[in-house]
Amino acid sequence: MSLNPVRPWRNIERRRSRQIMVGKVPVGGDAPISVQTMTNTDTSDVKATLDQVLRAAEVGADIVRVSTPDEASTRALKEICRESPVPIVADIHFHYRRAIEAAEAGAACLRINPGNIGDERRVREVIRAAKDHGCSIRIGVNAGSLEKHLLEKYGEPCPDAMVESALEHIRILEDNDFREYKVSVKASDVFLAAAAYQGLAEATDAPIHLGITEAGGMIAGTVKSAIGLGNLLWMGIGDTIRVSLSADPVEEVKVGFEILKSLGLRTRGVQIISCPSCARQGFDVIRTVEILEKRLDHIKTPMSLSIIGCVVNGPGEALMTDIGFTGGGAGAGMVYMAGKQSHKLSNEQMVDEIVRLVEERAARLEAEAQAAEAAQ
Ligand code: SF4
């Protein structure tokens with residue numbers, strides 16, 4: 001990622017990691033930080049699972065993980081992998097044979113948990129299957145399921161124990177000439193996860209999959225993930241992320257993108273800057289933003305939009321956004337384009353007009369991007 005010489009306080013220097021491929025998606029190196037989620041359907045129900053994968057992909061998921069607890073799910077995985085528009089990661093716990101079946105079924109990546117995958121001989125079998133079928137592997141350490149010998153050594157889950165677990169499995173993969181792996185050291189405690197990830201980042205150059213596991217429901221989990229992942233991303237740590245919420249996977253993807261967007265690490269769709277509103281508002285800001293979020297949900301082109309209740313902050317925010325609207329008096333406000341006053345607009349016409357302007361700009365930017373690509 002290029003650094004910003006004009007506004008250096010916005011710079012995040014990413015840790016240098018190796019790049020691997022999860023199917024067609026590069027992870028690590030200078031690849032964009034990818035956003036993942038996980039289905040919560042019965043995997044053997046191909047239709048329900050694929051439907052969830054498609055919905056997640058539609059809102060921007062780059063990679064989707066699917067749980068494979070039994071043979072029925074690894075059988076179903078074949079069709080899911082074939083039909084999915086994004087690479088599928090098979091989530092493996094306890095049964096190393098599920099990993100082998102998932103590799104045969106077309107999974108792009110196998111997530112194994114060092115705490116329950118079994119001895120080195122079993123891991124070697126998983127590596128062989130991954131090599132034979134072109135899969136990558138995620139070593140997914142979890143504070144809640146650490147190996148017994150590490151719990152005995154350290155007394156409780158702690159950053160050193162988690163990093164040691166990851167390094168033991170990295171060693172097995174490396175000893176078997178397997179380098180297409182990424183690593184995670186998740187915990188539900190943000191302090192534990194952050195310290196473990198910092199230790200991991202120093203100990204390896206492998207790409208890192210970030211997550212605060214079992215973060216909670218929509219609001220609590222979003223806040224916890226934003227603090228945990230946000231701090232690590234700000235330090236430059238993390239090549240792919242998954243926000244874990246007790247909520248629809250679509251929400252996980254949206255929250256993941258919002259975290260990356262807030263840090264300027266990725267852009268997608270319309271980023272709405274809006275004020276909380278107060279007695280000075282010239283129109284109903286909260287209701288308007290709710291409607292705009294829904295009506296602009298389909299826009300994938302990155303763009304910023306400020307919707308501000310009055311002139312206290314409206315013109316200033318409009319200076320820094322592509323399109324802006326600032327509430328004024330007598331039921332009308334001002335539209336700004338690229339920071340400059342454009343035209344007055346009544347509050348009644350405002351939503352339709354803003355949607356039209358955003359769609360128009362998105363279409364123009366997409367056409368320009370396509371023309372540039374064709375010229376190359
Ligand atoms: S921008 Fe205006 S309407 Fe919005 S919160 Fe500030 S003072 Fe209130």
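What are the helix and strand percentages over residues 271-359, and how many Å separate the end C-alpha atoms? In this predicted model, the chain over residues 271-359 is 34% helix and 31% strand, with the end C-alpha atoms 14 Å apart. The UniProt record, an unreviewed entry, annotates residues 271-359 as "domain: IspG C-terminal".

| Span | Helix | Strand | Distance between end C-alpha atoms |
|---|---|---|---|
| Residues 17-256 | 47% helix | 18% strand | 21 Å |
| Residues 271-359 | 34% helix | 31% strand | 14 Å |

**Packing of helix 10 and helix 12**

Two packed helices are described by the angle between their axes together with the distance between the axes. Helix 10 spans residues 285-295 and helix 12 spans residues 347-375; their axes come within 11 Å and cross at roughly 35°. This crossing of helix 10 and helix 12 is right-handed. On the side of helix 10, Thr288, Ile291, Leu292 and Arg295 make the contact, and helix 12 contributes Met350, Val351, Asp352, Ile354 and Val355. The contact residues of helix 10 with helix 12 comprise six nonpolar, one polar and two charged.

Methods: Residues are numbered from 1 along each chain as its sequence is written. This is a predicted model: local features need pLDDT of at least 70, side-chain atom pairs count only at pLDDT 80 or more; totals for chains, interfaces and linings use all residues. Side-chain values use heavy atoms; hydrogens and water are left out. Helices (H or I, at least four residues) and strands (E, at least two) are DSSP runs, numbered from the N terminus. UniProt positions are given in the numbering used here, feature names are shortened, and annotations may be inferred rather than shown by experiment. Axes are lines fitted to C-alpha atoms, for helices over the stretch in contact, and angles run from 0 to 180 degrees between N-to-C directions. A crossing is left-handed if the near helix is turned anticlockwise from the far one by less than a right angle, and right-handed if clockwise. Contact means heavy atoms within 4.5 Å. Ala, Val, Leu, Ile, Met, Phe, Trp, Tyr, Cys and Pro count as nonpolar, Asp, Glu, Lys and Arg as charged, and the others, Gly among them, as polar.
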